[in-house]
Amino acid sequence: LATILNIILGVSLLNLFLTVSEEFAIIGIAIAALISSYFLFLFLYSAAKKNFKIKLKKSNFLKPLLASIIMAIFLYIALNQFPDKNVFTIGVLILFSIIIYFVILSLIKGISKQDIKYLKFFTLKKNI
């Protein structure tokens, strides 16, 4: 169902946003992927809640969503400030976007010390 939703939304939003510009068409495809992913998440969450009695806090996915929206706004504004978009400019913007995302996430307490421990555990491998 999520795949079918993604295809229908993708084609619809692509055609709709393509009338504005090619950049907006890409945004339309991203929106379609985001909506279908959330649909799939909600479906899987309801199944897990029913079968395994798992409960999630709304803040666990609302805080990263808020940080993502702020990061996207930064990217939109920053991309419009640079008429010459080259590999270096895009790389710097990606780096700043990552920093902004994690700073916002930490300011709204969307990341915990336990999350940082997990990140270190899974990214820093010990040589045996």
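The model is a predicted one, in which local features need pLDDT of at least 70 and side-chain atom pairs count only at pLDDT 80 or more, while totals for chains, interfaces and linings use all residues. Residues are numbered from 1 along each chain as its sequence is written, and side-chain values use heavy atoms, with hydrogens and water left out.

The structure contains four aromatic pairs, where rings of Phe, Tyr and Trp (its six-membered ring) pair if their centres lie within 6.5 Å, and where planes under 30 degrees apart count as stacked, over 60 as edge-to-face and the rest as tilted. One of these pairs joins Phe41 to Tyr45 in a stacked arrangement, with 6.2 Å from centre to centre and 15° between the planes. Both residues belong to helix H2 (residues 22-52), where they sit four residues apart, about one turn of the helix; helices (H or I, at least four residues) and strands (E, at least two) are DSSP runs, numbered from the N terminus. Phe41 has 29% relative accessibility and therefore counts as partly exposed.

Turning to another residue, Thr89 lies in helix H4 (residues 87-107) and is buried, since its relative accessible area is 12%. When its neighbours within four places in sequence are left aside, Thr89 is in contact (heavy atoms within 4.5 Å) with Phe82 and Asp84.

Terms used: Buried < 20%, exposed > 50% of the residue type's maximum accessible area, 1.4 Å probe, protein only.
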